[in-house]
Amino acid sequence: MASPQAEALVYALVVGRLISALRERRGWAQAELARKVGLTQPTLSRIERGQAMPELYNVRRFAAAFEMRPDHFNKLVEDAFTQTQRVVRQAYRPSNGAGESDQVWEAVLKLAGVAGVMGLVALAIAALLDEPRSEKVEE
């Protein structure tokens, strides 16, 4: 099992990058989203960089700002985290032949750094948000 600190860091990167991607797709500046959610722009910036996690109530406010239910927002976070985890596990093969490492996040963070993991997170989120939707469009 991955250490809670490494996994929490990757999870924070996923949450932050998802918020950033959704904000950018709407053409909003950080200050605009921060105002909608009731945060300061520097706080939002730290969240988007994965240096802070939004409080539970603010997750509801982010979902409302993006016109989605909180459970849908949380599902996007979980799906992006799972996709990032899948890519990392496929790419990372321990050299000691021990199979799947219990410390995969620590190893990948050590090899690629936070910026490298953030790149994987960004790719996972872009793929997730660009997936064709199976919902019918009203005509």
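Let's start with N58, which is buried, at a relative accessible area of 11%. Buried here means under 20%, so N58, at 11%, falls on that side of the cut-off. This asparagine sits in helix α4, which covers residues 56-65. What does N58 touch, once we set aside its neighbours within four places in sequence? The answer is V37 and L39. Please keep in mind, all the way through, that this is a predicted model.

Let me step back to the whole chain for a moment. We have 139 residues, and 40% of them count as buried.

On to how the helices pack. Two packed helices are described by the angle between their axes and the distance between the axes.

Helix α1 runs over residues 4-25, and it packs with α3 at about 120 degrees, the axes being 7 Å apart. Are these two perpendicular or oblique? They are oblique to each other, because roughly perpendicular ends at 115 degrees. On the α1 side of the contact we find A12, G16, R17, I19, S20 and R23, and they meet L44, I47 and E48 of α3. Sorted by class, that contact has 4 nonpolar, 2 polar and 3 charged residues.

The second pair is α2 with α3. Helix α2 is residues 30-37 and helix α3 is residues 41-48; their axes come within 8 Å and cross at roughly 105 degrees. That angle makes α2 roughly perpendicular to α3. Here Q30, A31, L33 and A34 of α2 meet Q41, L44, S45 and E48 of α3. The classes come out as 4 nonpolar, 3 polar and 1 charged.

Beyond its neighbours within four places in sequence, E48 is in contact with G16, R17, I19, S20, R23, Q30 and M118. Of those, Q30 is worth a click in your viewer: the side chains of E48 and Q30 make a polar contact of 2.8 Å.

While we are in α3, have a look at T43 too, which has its place in that helix. T43 counts as partly exposed, at 23% relative accessibility. From T43 to M53 is 10 residues in sequence, and 9.5 Å in space, going C-alpha to C-alpha.

Helix α5 spans residues 70-91 and helix α6 spans residues 104-130; they pack at about 130 degrees with their axes 8 Å apart. These two are therefore oblique to each other, and α5 passes α6 in a right-handed crossing. Which residues of α5 take part in meeting α6? They are L76, D79, A80, F81, Q83, T84, Q85, V87, V88 and R89. Facing them in α6 are V104, W105, V108, L120, V121, A124, I125, L128 and L129. In classes, the residues of this contact divide into 14 nonpolar, 3 polar and 2 charged.

Still in α5, let's visit D71. This aspartate is partly exposed, with a relative accessible area of 45%. The side chains of D71 and R69 are joined by a polar contact of 3.0 Å. D71 and R60 are 11 residues apart in sequence, and their C-alpha atoms are 8.9 Å apart in space.

One last stop, for those of you who like backbone angles. E67 has its place in the loop between α4 and α5. It is not a glycine, and yet E67 has a positive phi, about 55 degrees. Where does that leave its side of the accessibility scale, buried or exposed? E67 counts as exposed, at 74% relative accessibility.

Key
Residues numbered from 1 in each chain as written. Predicted model: local features only at pLDDT ≥ 70, side-chain atom pairs only at ≥ 80, totals over all residues. Heavy atoms only, no water. Axes fitted to C-alpha atoms, helices over the stretch in contact; angles between N-to-C directions. Helix = DSSP H or I, 4+ residues; strand = E, 2+ residues; numbered from the N terminus. Parallel < 35°, antiparallel > 145°, perpendicular 65-115°, else oblique. Left-handed = near helix turned anticlockwise from the far one by under 90°. Contact = heavy atoms within 4.5 Å. Nonpolar A, V, L, I, M, F, W, Y, C, P; charged D, E, K, R; others polar. Buried < 20%, exposed > 50% of the residue type's maximum accessible area, 1.4 Å probe, protein only. Polar contact = N/O pair within 3.5 Å; in protein donor to acceptor, adjacent residues only side chain to side chain.
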